[in-house]
Amino acid sequence: MRPLRYSINVTLDGCCHHEAGLPPDEESMQYWTAQLARADALLFGRVTYEMMESAWRRPASGTWPDWVEPWQVPFAETIDRAKKHVVSSTLGDANWNAELMRGDLEQAVRRLKQEPGEGLWVGGVTLPLALADLGLIDEYEFFVQPVLAGRGPTLLAGLRERIELQLVDRREFRSGAVAMRYRPA
């Protein structure tokens, strides 16, 4: 069975808005590129899918825009070519190497996990909360930023039941960020 890994940037006070932490640097982008490359497919809700597509879909010209730094290109290429599954009841279509998932979330994700491969990766805020409540996440990865945001959406706000976790890996970055991976205890 393929594991489902949830990864997200989070500030020290639990904010998980994508602009609340430090701007990405070369070291963090290398890390995220390697993490995405471990996945057979990405699982997104509509909001995260649209946000990632607007930032990281290769333009029709084939040339990355000027704002994409050379050290960001490996990340951009990795996420651009990745297979994606998009959970949405409102999105009309998903055409960035993606297919829409509708209907029973638990059944659909369990089917994906049964397929052969290395693993699935999920990011975002709303969809991971639903997956955590269903007990479908096999690994949690928090890239903790040395920032106090003071506001914004917080990590897994509204979780129905407490989930105890066991630390399985930890890595410190020059920026002061710390990546920690956990599995449910």
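Is Asp80 buried or exposed? Select Asp80 and see: its relative accessible area is 13%, so Asp80 is buried, where buried means under 20% relative accessible area, exposed means over 50%, and partly exposed is in between (1.4 Å probe, protein chains only).

Before you click on, some ground rules. What you have on screen is a predicted model, where local features need pLDDT of at least 70, side-chain atom pairs count only at pLDDT 80 or more, and totals for chains, interfaces and linings use all residues. Residues are numbered from 1 along each chain as its sequence is written, and side-chain values use heavy atoms, with hydrogens and water left out.

**Stop 1: around Asp80**

Asp80 sits in helix α3. Helices (H or I, at least four residues) and strands (E, at least two) are DSSP runs, numbered from the N terminus. Now show the neighbours of Asp80: leaving out residues up to four places away in sequence, Asp80 touches Trp56, Arg57, Arg58, Trp64, Trp96 and Asn97. Touching here is contact, meaning heavy atoms within 4.5 Å. For a sense of distance, select Phe173 too: Asp80 and Phe173 are 93 residues apart in sequence and 25 Å apart in space, C-alpha to C-alpha.

**Stop 2: rings in pairs**

How many aromatic pairs are there? The count comes to 12. Rings of Phe, Tyr and Trp (its six-membered ring) pair if their centres lie within 6.5 Å; planes under 30 degrees apart count as stacked, over 60 as edge-to-face and the rest as tilted.

Select Trp32 and Phe143, a tilted pair with 5.5 Å from centre to centre and 45° between the planes. This pair links distant parts of the chain, with Trp32 in helix α1 and Phe143 in strand β6, 111 residues apart. Trp32 and Phe143 are both buried.

Next, pick Trp56 and Phe75. Their ring centres are 5.0 Å apart and their planes are at 75°, so this pair is edge-to-face. Trp56 lies in helix α2 and Phe75 in helix α3, so the pair ties together parts that are 19 residues apart in sequence. Trp56 counts as buried at 10% relative accessibility, and Phe75 is buried too, with a relative accessible area of 7%.

While you're on rings, highlight Tyr6, Tyr140, Phe142 and Tyr182: ring pairs link these four into a cluster.

**Stop 3: empty space**

Time to look at the gaps. Rolling a probe the size of a water molecule over the atoms shows where empty space is left. On a 1 Å grid over the protein atoms alone, a cavity is a set of points where a 1.4 Å probe fits but cannot get out, and a pocket is an open set with protein on both sides within 12 Å along at least five of seven lines; lining residues have an atom within 4 Å of a point. Grid points are joined across faces, edges and corners, and a volume is the space filled by probe spheres set on the points.

Which residues of the largest pocket's lining lie nearest its centre? Select Asn9, His18, Thr48, Met51 and Met52, out of 46 lining residues. The largest pocket holds about 1200 Å³ of space.

To find the cavity, select Arg5, Ser7, Gln35, Arg38, Ala39, Leu120, Trp121 and Glu141, which line it.

**Stop 4: Thr154 and two cysteines**

Now jump to Thr154, in the loop between β6 and β7. Thr154 counts as partly exposed, at 36% relative accessibility. Beyond residues up to four places away in sequence, Thr154 touches Asp13, Gly14, Cys15 and Cys16. Thr154 and Asp13 are 141 residues apart in sequence, yet 8.1 Å apart in space, C-alpha to C-alpha.

How many disulfides are there? A disulfide is a pair of cysteine sulfur atoms within 2.5 Å, and the count comes to zero. Cys15 is in no disulfide: its nearest cysteine sulfur, that of Cys16, is 6.1 Å away. Cys15 is buried, with a relative accessible area of 4%, and Cys16 is buried with 6%.

**Last stop: helix α5**

Finish by selecting Leu127, Pro128, Leu129, Leu131 and Ala132, the buried residues of α5. Their cover includes β1, β2, β3, α4, β5 and β6. After α5 comes Gly135, whose phi is positive, near 70°.
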